[in-house]
Amino acid sequence: MRMLETSATFLRGHFSRRIFTIPTTTLNRLINDHLRDNGLVEARRLFNQNPTLLDKSTWNMMITAYVQRGLMLEAHEVFDQMPVRDVVSWNTMFLGLKKTRDPERVIRFFLEMRRSGLNPDELTIPAIIDAVSGSGFKVLIMQIHTLAIRLGLSLSAYTGSSLLRGYTSLRNLRGLERVFEDILLKDVVSWNVLITGYMKLGFVEDGERAFSEMPERNIITWHTMLIGFINNTKIDKARELFNQMGQKNVFSWTVMINGYVQSRELKVALMLFQEMVESGNYRPSHYTFSTVLKACAASSSLLMGKQVHSMITKRGMACDVVLSTSLIDMYAKAGDITAASGVFKFMPMKNPASWNSMIGGLARHGLGVNALEEFKKMIESGYKPDQVTFINLLSACAHTGLVEEGEKQFMLMGRFGIAAEKEHYACMVDLLGRAGQLDKAERLIKGMPFEPDVVIWGALLGACGLHSCLELGEVAAEGISRLRREHPAAYDVLCRVRGDKGDWTSVMELRKLMKKTKAKKQDASSWIETLT
DNA sequence: CTAGGGTTAG
């Protein structure tokens, strides 16, 4: 380091005296050394003194340095000044552009590269594929595949794995298998991505077959299988595999716990977490805590939630925004609104999600006025509300009977650039219905820009039950039966809204309907005793 | 000189 400084000073001295006798290799090496030593500013200074003397690799390293720090503007500047760009320069830029999540920009950039006469290589293709899959431009995947075949790049495992991901996003099984066959030397990653593809497309047996056929496996292979089973609602198969795993890590446990949360087996999820902690071999991560808090929230396990809270504090993770938000949600759902606002108050940094948790929690506790107050503070502090904010706000108004305030907020949404969705209409139907303004609720449903769903009909039905309005009630009931089976979660939402207010008649009505339509809902129960 | 696969918040 000392040597470096000396030679840098030496160089600077020479340049200021306009002596240009420094050998190119020295200048390049000096810049490279600075870059390795995190001396980006100094490297750039030397770089600017005489760009014409620099090697291509020095230019590329300069771009890399900026890209790695997320400084795309600076990277672009260097890239634009470069006299002759090579594939590496372009690839590095693609790498940085990936983070901007702007597929259009990536495509334009790629076309520019092609116009400049350069061919993509096995690193370029994945950059393009990843940028377009999952966007409106995924139709380009097949064309890029064609290009890759022409250039012989589809034989590469690296390029191949990105094509596998591409065909998965196209939900194209045949394409997935063809790409896999084309890969010359299939490595673990190729097999893992193939399995991911099978699982995402719902071909669980093919995934299992690949798993048994593959020549070598790593821990990610096992995780891929676990997640695949879980997302295909085969939690027991996941557990079986989990038990067979030789090497487990925090990730394995978190995936399994989260699997149980997803399949609503909250008790098992929490017991597994307990087991993980008691073994003493694993440190729960942010992901683990976040998943466990969700389980606590969904099962109203306040005691367990408190224990998790203290673990988080002990590990110095209390200032994490995601975890704080999960804590607020947990306390609110487990019934301790005071603890929830305590966590919220002491958050050093908030985000829209944390405000939503807080406002939603207040709404859940029937503290509509406080929810509105909190909303006002949110706006005053410069946070932008989103759809969820308004769902919480409107349900707060519905719970507290603030009809006019609710209507006002409903009208106000557009001003924040948020279009009313089904959930918002459901809240409004609920709000008006409870207040006995059934005709107004009916008119709102008729004027909606979309077809009413179970939640909306259910809200109307409940209100009709409340006000003994049989005629309209039948319309609502008929609306539901016409929809036949729907998402069970929809019932959950409504049952919760009703149950909170002790509105048992409509809860019963809904339960009956749920039975008729085979929707499942886990019975609410407390099992703190079983855990502690 | 650039490098692919597995999980979090309302």
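1. Contact here means heavy atoms within 4.5 Å. Buried means under 20% relative accessible area, exposed over 50%, and partly exposed in between (1.4 Å probe, protein chains only). Helices (H or I, at least four residues) and strands (E, at least two) are DSSP runs, numbered from the N terminus.

2. This is a predicted model: local features need pLDDT of at least 70, side-chain atom pairs count only at pLDDT 80 or more, and totals for chains, interfaces and linings use all residues. Residues are numbered from 1 along each chain as its sequence is written, and side-chain values use heavy atoms, with hydrogens and water left out.

3. Look at helix 13 (residues 204–213). Val204, Gly207, Ala210 and Phe211 are buried there. They sit on the same side of helix 13 because they cover an arc of only 120° around the axis, taken from the directions from the helix axis to the C-beta atoms. Glu205 and Ser212, on the other side, are exposed. The buried residues pack against helix 12 (188–200), helix 14 (219–231) and helix 15 (235–244).

4. Now the aromatic rings. Rings of Phe, Tyr and Trp (its six-membered ring) pair if their centres lie within 6.5 Å; planes under 30 degrees apart are stacked, over 60 edge-to-face, the rest tilted. The count comes to 18 aromatic pairs. Phe344 and Trp355 make an edge-to-face pair, 5.0 Å centre to centre with 80° between the planes. Phe344 is in helix 21 (residues 337–345) and Trp355 in helix 22 (residues 352–364), so the pair ties together parts 11 residues apart in sequence.

5. Phe79, Trp90, Phe94, Phe109 and Phe110 form one aromatic cluster.

Conventions: Chains are lettered from A and ligands numbered from 1 in the order in which they are written.
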